[in-house]
Amino acid sequence: MTPESSAINLYYNDSAVEGCQEVGTVTGSEGHWYTFFFITNKDLTIGAINDIKNEAQALGANSIVVHTPSPFNTSVTMFGSAYICP
């Protein structure tokens, strides 16, 4: 995760971004079928969060509303909407 991305807020409720401008959809994922033996679920989730924050930062966003995470047997994928909030 980039230093700028670490300040991005994650929310699970649309009401948290009322009055904010949506700037795009972001996706973060971590893990592959051949690496899941060596990476814990916690680390897969942290990697997916870092990835989604990096995408949001590239859009200039400072907040993300995360939609239901999609855990797989070998990876974690997260989807969200990126926002610029005052």
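Mentor: Helices (H or I, at least four residues) and strands (E, at least two) are DSSP runs, numbered from the N terminus. Under that rule, S63 lies in strand β3. Please keep in mind that this is a predicted model, in which local features need pLDDT of at least 70 and side-chain atom pairs count only at pLDDT 80 or more, while totals for chains, interfaces and linings use all residues. Residues are numbered from 1 along each chain as its sequence is written, and side-chain values use heavy atoms, with hydrogens and water left out.

Trainee: Which elements does the protein have, and in what order do they run?

Mentor: There are one helix and five strands, and from the N terminus on they follow the order β-β-α-β-β-β.

Trainee: What makes S63 count as buried?

Mentor: Buried means under 20% relative accessible area, exposed over 50%, and partly exposed in between (1.4 Å probe, protein chains only). S63 has 2% relative accessibility, and therefore it counts as buried. Across the protein, 35% of the 86 residues count as buried.

Trainee: Which residues is S63 in contact with, once its neighbours within four places in sequence are left aside?

Mentor: Contact means heavy atoms within 4.5 Å, and S63 has such contacts with I8, N9, Y11, V17, S81, A82, Y83 and C85. S63 and A7, which are 56 residues apart in sequence, are 8.8 Å apart in space, C-alpha to C-alpha. For the protein, among contacts between residues at least 6 apart in sequence, 71% join residues at least 24 apart.

Trainee: How do you know that β3 pairs with β5, and in which sense do they run?

Mentor: Two strands pair if DSSP finds at least two bridges between them. β3 and β5 are joined by four bridges in the antiparallel sense, with I64 opposite A82 in β5. β1 and β3, by contrast, run parallel and are joined by three bridges, with Y11 opposite V65 in β3. β2 and β5 pair in the antiparallel sense over nine bridges, and there Q21 stands opposite I84 in β5.

Trainee: Why is the set that includes I8 and I64 called a nonpolar core?

Mentor: A nonpolar core is a set of buried Ala, Val, Leu, Ile, Met, Phe, Trp, Tyr and Cys residues joined through side-chain atoms within 4.5 Å. The largest such set has twelve residues: I8, V26, L44, A48, I52, A56, A61, I64, V66, V76, M78 and A82. The elements giving two or more residues to this core are α1 (41-58), β3 (63-66) and β5 (76-84), and α1 gives the most, with four residues. A second, separate core of five residues includes V17, C20, V65 and C85.

Trainee: How does the length of α1 compare with the span expected for a helix?

Mentor: The expected span is 1.5 Å times one less than the number of residues. α1 has 18 residues and reaches 26 Å from its first C-alpha to its last, close to the 26 Å expected. The buried residues of α1 are L44, G47, A48, N50, I52, K53 and A56, and they pack against β1 (9-11), β2 (21-30), β3 and β5. Just after α1, G60 takes a positive phi of about 85 degrees.

Trainee: What makes the link of C20 and C85 a disulfide?

Mentor: A disulfide is a pair of cysteine sulfur atoms within 2.5 Å. The S to S distance of C20 and C85 is 2.1 Å, and a disulfide joins them; by this rule the count comes to one disulfide. With 115 degrees about the S-S bond, the link of C20 and C85 is right-handed. C20 lies in the loop between β1 and β2 and C85 in the segment after β5, so the pair ties together parts that are 65 residues apart in sequence.

Trainee: And is C85 buried or exposed?

Mentor: C85 has a relative accessible area of 14%, and therefore it is buried.
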